[in-house]
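This report describes how parts of one protein chain are arranged. Please look at the sequence and the structure before reading on.

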Amino acid sequence: MLGFLKRPVVVTADINLNVVALTAVGLLSRLWQLAYPRAVVFDEVYYGQYISFYMKRIFFLDGSGPPFGHMLLALGGYLGGFDGNFLWNRIGAEYSSNVPVWSLRLLPALTGAFSIPMAYQILLELGFSHCAAMGAALLMLIENALITQSRLMLLESVLIFFNLLAVLSYLKFSNSQKHRPFSLSWWFWLMLTGVACSCAVGVKYMGIFTYLLVLAVASVHAWHLIGDQTLSNVCVLCHLLARAAALLVIPTLMYLLFFYVHLILVYRSGPHDQIMSSAFQASLEGGLARITQGQPLEVAYGSQVTLKNVFGKPVPCWLHSHQSTYPMIYENGRGSSHQQQVTCYPFKDVNNWWIVKDPGRHQLVVNNPPRPVRHGDVVQLVHGMTTRFLNTHDVAAPLSPHSQEVSCYVDYNISMPSQNLWRLDIVNRESDTEVWKTILSEVRLVHVNTSAILKLSGAHLPDWGFQQLEVVGEKLSRGYHESMVWNVEEHRYGKSQEQKERELELHSPAQMDVSRNLSFMARFLELQWRMLTAKSDDSEHKYSSSPLDWVTLDTSIAYWLHPRTSAQIHLLGNIVIWASASLAMVVYVLLFFWYLLRRRRSICDIPEDSWLRWVLAGALCAGGWAVNYLPFFMMEKTLFLYHYLPALTFQILLLPVVLQHVSDHLCRSQLLRSLFSALVVAWYSCACHVFNTLRPLTYGDKSLSPSELKALRWKDSWDILIRKH
């Protein structure tokens, strides 16, 4: 029984020394002098502030993508002991001693280094030679722009890593399918594909393009699987369910997990929570939560409330009034009612308070027990500080002439009676007897006389309106819109009938204890919506560029300039690699359609297994380039050269594929193959020379004269290269 103890336990492992060597060289190229320069480099000023928010547990919102990438960068800061105390306000600012620069830049550098052996593995899994795989890895190793981007506290190298991991995992799963379906390795690679896809999307929304590409390839393979007559119906169903679970369910759960962890980490109020709903803000520690803690939940007749517009654009604001009236005559010659102005004010103010009044009673206090206001009830809103009623009538609004003016009624003893009755419409009600709730209820106020709906137009009033936002009565409602929806943010039960006492009451905080917490899904859905609808920055930038500039490398970015010497870091690609990769893409497309046309005529120029390998390589490499590049033509945002790097990575993978194909199938004689191999070696030498030429701008560790800087522009470098070779 214990016989196994008589023999030593032996573990054997196959170690690919190519992978080990590529990993080691990749780590050396990315980690060498990683903490240099010890200054804020370009977009580190952007990501650094989010890392500080994580360290201080302060809520933030970044419309550029989900929080997973930010959390990975923050993990580096946490492991390095960063306390978040650094002012990220200027590119080039020297890091203070408490900022662990090496630790913060470590993760992007590691992902950039590990992408090199992954490129090697992807070519092998596609069925190409070790020579082609090594060629792809070497191109990734010496591409200057990839090195620069991976040595800084930026997310492109992390995105590229998960893109490649998703492709590699799926290829390993697909190859396992041919030999050992439902084995342990089969399940591992299938699950890892889903995890890698979700991580790519979690780093940046651009990752969804690679995810969709993997889904498309998996769908085609699943379609062929359904037609496999050697498999039983139960077996096919199990295959489909496994793929659905791994490629659809797991990414969804992982995506939710990223936000769950994010919301656990950033639980304190901060500068970004103003654009969130009152309910979301109240769920954060400090800020609105401190103000609203203990407020009554149910709004009753006599309640004192502030009403916040749910839309929150152009800025978050509250229904407001003040003593000033509308001008008798506007600048365009139109007249007004000369009633008291009603606006939306983007700051906390005592003039934001309103009293919910029962039209059938005169009292402005809450009964004991309170009488709650319900959906469909008719109410009057009395401005707390001026005691005038919220009113609208058939008079054109000052800036929106097709809508009604909203005012607080002033009795001028003329033939213009007050029209101050409003019907409460709870938009998110669960029943028609729903009670109006603080923070949670989203309501529309419908004018009883004219059916106009109280709405924020978003226009800024002139100086006579103190540049506050216009509020109108939208008579012709074009359906639901958040600008017509309001929620009670601050709330107290009114106790004072006398105006002087009530004014003192309006200035004092509420003192009741009722807690409200949003569920995770409610917070997730709101945060996701705010991120997707956040206005992107479409302003011009000194280094912004168009997608057409990227392919020709007709642009670069000066990332960092040494304050005392001429050392500097530029995002500048290796022109030999970029131009060759673009040429390889053209050659692949031409050859693909040529083979396709000839196969239609039943002429097979290459064996069937080579054709299938050629198609799969094109679907993943050429397709990866297309899905990561072409969408930028439709984006209305400021674009930079680094946006092209994920697409470039797939192009680099395609280049050795085309080279091997030309050597194996188009060079018919041994002499042609030898000449072609010599050309490829010379071409790699050129790429290495350009890498070495641009190295001072990649690492920024050498002072350069003006003439040397001019010579390092890619067009000049190309001329120099041609002359030397």
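## Helices α7 and α18

Helix α7 passes helix α18 in a right-handed crossing. The model shown here is a predicted one. Helix α7 is made of residues 156-179 and helix α18 of residues 645-666; their axes come within 9 Å and cross at roughly 40 degrees. That angle makes α7 oblique to α18.

On the α7 side, the contact is made by L159, I160, N163, L164 and V167. On the α18 side, L645, P646, T649, F650 and L653 take part. Sorted by class, the contact of α7 with α18 has 8 nonpolar and 2 polar residues, and no charged ones.

## Helices α1 and α4

Two packed helices are described by the angle between their axes and the distance between the axes. Helix α1 covers residues 17-31 and helix α4 covers residues 101-125. Their axes come within 8 Å and cross at roughly 150 degrees. Angles over 145 degrees count as roughly antiparallel, and α1 and α4 are therefore roughly antiparallel to each other. The crossing of α1 past α4 is right-handed.

Which residues of α1 make the contact? They are N18, V19, L22, T23, G26, L27, R30 and L31. The α4 side is formed by W102, L106, A109, L110, G112, A113, F114, I116, P117, Y120 and Q121. The residues of this contact between α1 and α4 divide into 13 nonpolar, 5 polar and 1 charged.

## Helices α8 and α10

Helix α8 (residues 184-203) and helix α10 (residues 233-265) have axes that come within 8 Å and cross at roughly 35 degrees. The crossing of α8 and α10 is right-handed.

From α8, the contact includes W186, W187, L190 and M191, and from α10 it includes H239, A242, R243 and A246. Glycines also take part on the α8 side, among them G194 and G202. By class, the residues in the contact of α8 with α10 divide into 15 nonpolar, 5 polar and 1 charged.

## Backbone details

Most residues other than glycine have a negative phi, and most peptide bonds are trans. Where does P37 lie in the chain? P37 is in the loop between α1 and α2, and α2 spans residues 44-56. A cis peptide bond joins Y36 and P37, with omega about 0 degrees. The loop between α1 and α2 also holds F42. F42 is not a glycine, but it has a positive phi of about 45 degrees.

Another cis peptide bond runs from N368 to P369, where omega is near 5 degrees. P369 is found in the loop between β4 (353-357) and β5 (378-383).

## Domains and annotation

How far apart are the C-alpha centres of domain 1 and domain 2? These centres lie 54 Å apart. The domain assignment gives domain 1 as residues 17-261 + 553-712, and domain 2 as residues 296-508.

An unreviewed UniProt entry carries the annotation "domain: MIR", which covers residues 296-359, 370-427 and 431-491. The span 296-359 is 0% helix and 41% strand. The end C-alpha atoms of this span, 296-359, lie 22 Å apart.

Conventions: Residues numbered from 1 in each chain as written. Predicted model: local features only at pLDDT ≥ 70, side-chain atom pairs only at ≥ 80, totals over all residues. Heavy atoms only, no water. Domains from an automatic or database assignment. Axes fitted to C-alpha atoms, helices over the stretch in contact; angles between N-to-C directions. Helix = DSSP H or I, 4+ residues; strand = E, 2+ residues; numbered from the N terminus. Parallel < 35°, antiparallel > 145°, perpendicular 65-115°, else oblique. Left-handed = near helix turned anticlockwise from the far one by under 90°. Contact = heavy atoms within 4.5 Å. Nonpolar A, V, L, I, M, F, W, Y, C, P; charged D, E, K, R; others polar. UniProt positions renumbered as here; feature names shortened; annotations may be inferred.
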